[in-house]
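Here is a short report on the structure shown below. Look it over first, then read on.

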Amino acid sequence: MTLVEEPTAAGTAPEKEIGRARRRKEDARLITGRTTWTDNMVLPGMLHLAVVRSPVAHGKITSIDVSAAQQAPGVVAVLTGRDVADEQGSLPCAWPVTPDMVNPGHPSIAVDEVNHVGEAVAVIVARSKVAAQDAVELVDVDYDLLPVVLDMEQAVEPGADLTHDHTSSNTSYHFVFDAGEAGTGGDTEQAFADAEVVVSRRFVQQRLIPAFMEPRSVVVQPQGDNYTLWSSTQIPHILRVMLAMVTGVPEHKLRVIAPDVGGGFGGKITPTPEEVITLLVARRLGKPIKWTETRSESLMTAHHGRDQIQFIDVAADREGNVKGLRVRLLADMGAYLRLITPGIPALGAFMFPGIYKFPAYRFECDGVFTNKVPTDAYRGAGRPEATFAIERIMDELAVELGMDPLEVRRKNWIQAAEFPFTTVAGLQYDSGDYEQATQDALDLFGYAELRAEQQRRRESGDPVQLGIGFSTFTEMCGLAPSRVLGSLSFGAGGWESASIRMLPTGKVEVVTGSTPHGQGHETAWSQLVADSLGVPFEDVEVLHGDTSISSRGLDTYGSRSLVVGGSAVVKAADKVVAKARKIAAHLLEASEDDLEFSGGTFSVRGTPGTGLGIQEIALAVFAAHNYPEGIEPSIDAEATFDPENFSFPHGTHLCAMEVDTDTGLVKIRKYACVDDIGTIVNPLIVEGQVHGGLAQGIAQALYEEAVYDADGNLTTGTFVDYLVPSAADLPHFDTGNTVHTAPGNPIGAKGVGEAGCIASTPAVVNAAIDAVRHLGVSDIRMPLTPERVWRAIHHGGDGGDRASARTNAQAVDSSEGPSTQGGNR
Amino acid sequence: MTQISVRVDGTPYDDDVEPRTLLVHYLREQLGKVGTVVGCDTSNCGACTVHLDGEAVKSCTVFAVQADGCEVTTIEGISPNGTLHPMQKAFHEMHGLQCGFCTPGMIMASIDLVNDNPDPSEDEVREGIEGNLCRCTGYQNIVRAVQQAAGEMHGRSTAGDTLGAQS
């Protein structure tokens, strides 16, 4: 497929924009350095903030001496937790997944006790950034050390040390979904009792760091009793509500702006301690305040993702028909609950069955506190973890049965004719064709040749073995449906808002509540509106990320922007056309019913040459000299879209992996995937999203892990140690699409932001294991470092048995894990 | 304070700086050249890459005083206002950026790469920009962009390049 952009002739209606590989409007400022990152902001009299952070993972603060810091050159103020204890409130958690969930409270600056390394204990306000930073060293804090809780499996044992000494255990909540009880499936225990084959595994989802490229930054400008807050955030709208609730600054006195934001990946989805602190300091001092983190601060204190121990059992008959699925998770919350910390594993709960027709399913999850930085959303948020577990164990089931891994999948997956299909988890999958995506992917991959090469290498005893891994996945996207989110105890809805302003010159302003940070909303939304209104792509400007301009919105996460936010834009455009139709009928002296609207022009059916353009109508209602009685002189419109269901992208990902059995080095030989994300608005943007997702999913499989030492220090606290892959570490990707439109929204889109990240990780690990399974390897702990791969090949186990890994998730061979017996622990 | 004389994007400056001031902080905070950004504190990410006397450097590893007497070029100075350098154009054409935070450094590093190697292979591009991290793109479209720009910068035709081509 070759897509070539053709310029639109000035003043003429464009060809259909949806489906066109438009180059991005955003690029003009980004490639020339004319950007508005929050840290670029300079305001008159602005002061700078630096944070004094705890060097210990758990301890009582016995004293803080700030006198030396207060005397330091340029320092204006030093504030401790005690100074702001009465006004800082608790950072919000919007997702109480169970009624009795324990939330220990989350001060922005620790007052009495610190619970993870890097927690704020004081802040310095100074005239320059360097003066503030210099004074950090002068604050003297004494701690009484308390036991450090790091390992989840130890943390849930009776009598374990406590992460918070005011809670009775380290368990925040116990969340259960049982298909039998929910009426969406049979009795899981019975299914296992009756099963001919049961395969059980323990998988470790290591802790990851979102590692957006732009470090977080906050600027607050007080203006009388009003405050404007700029932040490098994904969620300006949610942030405004939450900051109002936490700090008591009235919502209508607070304006939040997300200017250019340099990536998020979920990492900027939560209100942060530093946002609260910067607002409080600006309120107290009446001066503009800026805080910008260093990369080390970011890795140490911005929330992490994943970090689950998964016990998964699958029951099947000898022919390979699956009969039941049982999952028990330990999910690391870290020390505190941030905005949706507890909900991440709950989001995954519904995705473990994947694309397979399990008749019975039971899921249980313990949210566990440890003395580490909190976890929260990271690209995929619950769904990559679920997809990994099911796609890994389908391979293990195939091995147990002596079947081809693709054959086991094919035998159990939902057939194209069965959509819409209600799963054992109660979700209604909307559309798709798993067989077609798989066949296309196999063709793109060159499957037969690679299998033949694998065979040759095996027979010749080549030290470099080849393996092939599958991931046939689906995900739930477009978060949204407000009623469903309500039923899951989520604290907000999932609708999205848009409005369209028709300017007198016929130009169009589109206001969206979905706030981008690299996704290309300005371009894609322009394409949507150009088609709906029949105006040139260039005549559309998309406004976002400022609560004064875009007053209603729920922001960007969960692959929701196009599906929900884009749909709101289309709905608003439809309303503009409907309003313009009344004006057109009046001006053309025709009945509304006789008008047709095409290419931006209303014309009277059967009367050539009677056209009136919607852009001319915009001028006519601006002048308002001549418009019908009983209607307002405006064709502007606003819409809120709240779909009734999620959307369910799916796809087949294939990885061929070379494993050097002498050194343990793995190298991706070929990667091909075919994704079905419904309607494609901009194939260039879609391809970019898939590439970026693949890179992050592959990075989990091969490179990245946040590691803590036995004292709770993050030992991967810089980009020297936390291995975000470079161009040289990643392969070329061969990508393709099938298109089955989503029935639940007017665009037909399903969402693409997370697909690559969710699908790729198990494909990569399955490929590596397939290369060396004949050497006795049945699991390798992520990330697949050469050391772990070598150990797994030469010493058995999953290769993860090394000191530095034990604090995250104690090394236990899969076979030694406790079995999940219906929740008896 | 130490006095330095530098030309930045063609404009001469005489300024007093602290000896410890990094070039990137001088550019951003004293000159307002905020097109160049800071992405890490260990010289791994390359977001701050500029040209010092025509060679790519990470401006977080250079003290401002080391730039005394030098010519510094940032992303804001590689093309006259209103025009695009072939590398900027190629990043746009090939969708070689998403959030755009790494982009200034990535473009500056890529120009230097292509100056040294007028016709880099895919592997040579990947190796050549491995000091610059991007979290959004997975690099594939950056590689395409660098190869397209290399062709244009060295007078080769780029006709027939596929854009947004899947596979």
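In chain B, β3(B) and β4(B) form a hairpin with two residues between them. B:Asp53 sits in the turn and has a positive phi of about 50 degrees. Strands here are DSSP runs of E with at least two residues, helices are runs of H or I with at least four, and both are numbered from the N terminus.

This is a predicted model: local features need pLDDT of at least 70, side-chain atom pairs count only at pLDDT 80 or more, and totals for chains, interfaces and linings use all residues. Residues are numbered from 1 along each chain as its sequence is written, while chains are lettered from A and ligands numbered from 1 in the order in which they are written.

**Chain B: hairpin and domains**

Two strands count as paired if DSSP finds at least two bridges between them. B:Val50 stands opposite B:Val57 in β4(B).

Chain B is assigned domain 1 (2-77) and domain 2 (86-153). Such bounds come from an automatic or database domain assignment. The domain centres, taken over C-alpha atoms, are separated by 21 Å. In the contact, 15 residues of domain 1 of chain B meet 11 residues of domain 2 of chain B. Contact means that the C-beta atoms of two residues, placed from the backbone, lie within 7 Å.

On the side of domain 1 of chain B that touches domain 2, β3 (49-52) and β4 (55-58) each supply at least two residues. The largest share of that side, three residues, comes from β3(B). That side divides into seven nonpolar, seven polar and one charged. Ala, Val, Leu, Ile, Met, Phe, Trp, Tyr, Cys and Pro count as nonpolar, Asp, Glu, Lys and Arg as charged, and the others, Gly among them, as polar.

**Where the chains meet**

The contact between the chains takes 48 residues from chain B and 53 residues from chain A. On the chain B side, α2 (86-93), α3 (103-116), α4 (122-128) and α5 (140-153) each give two or more residues. The chain B residues divide into 21 nonpolar, 20 polar and seven charged.

**Chain A as a whole**

Chain A has 23 helices and 28 strands. Its radius of gyration is 28 Å, close to the 28 Å that the globule rule gives for 825 residues, so chain A is as compact as a globular protein of that length. The radius is taken over C-alpha atoms, and the rule is 2.2 Å times the number of residues to the power 0.38. The C-alpha atoms fill a box of roughly 85 × 70 × 50 Å along the principal axes.

Buried residues make up 61% of the 825. Buried means that 20 or more other C-beta atoms, placed from the backbone, lie within 10 Å of the residue's own. Among chain A contacts with a separation of 6 or more, 80% join residues 24 or more positions apart.

Chain A is assigned domain 1 (27-35 + 495-641) and domain 2 (429-476 + 646-825). Their centres are 42 Å apart, taken over C-alpha atoms. The contact takes 14 residues from domain 1 of chain A and 13 residues from domain 2 of chain A. On the domain 1 side, α18(A) gives the most, with six residues.

The largest nonpolar core has 308 residues. A nonpolar core is a set of buried Ala, Val, Leu, Ile, Met, Phe, Trp, Tyr and Cys residues joined through C-beta atoms within 7 Å. The largest share of this core, 13 residues, comes from α18(A). A:Val529 is one of the residues that touch the most other members.

| Residue | Contacts, including |
|---|---|
| A:Val529 | A:Ile500, A:Val508, A:Val569 and A:Ala573 |
| A:Ala755 | A:Glu475, A:Pro649, A:Asp675 and A:Val690 |

A:Ala755 is found in helix α21 (residues 755-772). With 31 C-beta neighbours inside 10 Å, A:Ala755 counts as buried.

**A sheet in chain A**

Three strands of chain A form an open antiparallel sheet in the order β4-β2-β6. The edge strands are β4 (113-114) and β6 (140-145), each pairing on one side only. Two bridges join β2 (residues 59-65) to β4(A). A:Lys60 stands opposite A:Glu113 in β4(A).

Definitions and conventions
A residue is buried if 20 or more other C-beta atoms lie within 10 Å of its own, exposed if 12 or fewer, and partly exposed in between; C-beta atoms are placed from the backbone. Lists of a residue's contacts leave out its neighbours within four places in sequence.
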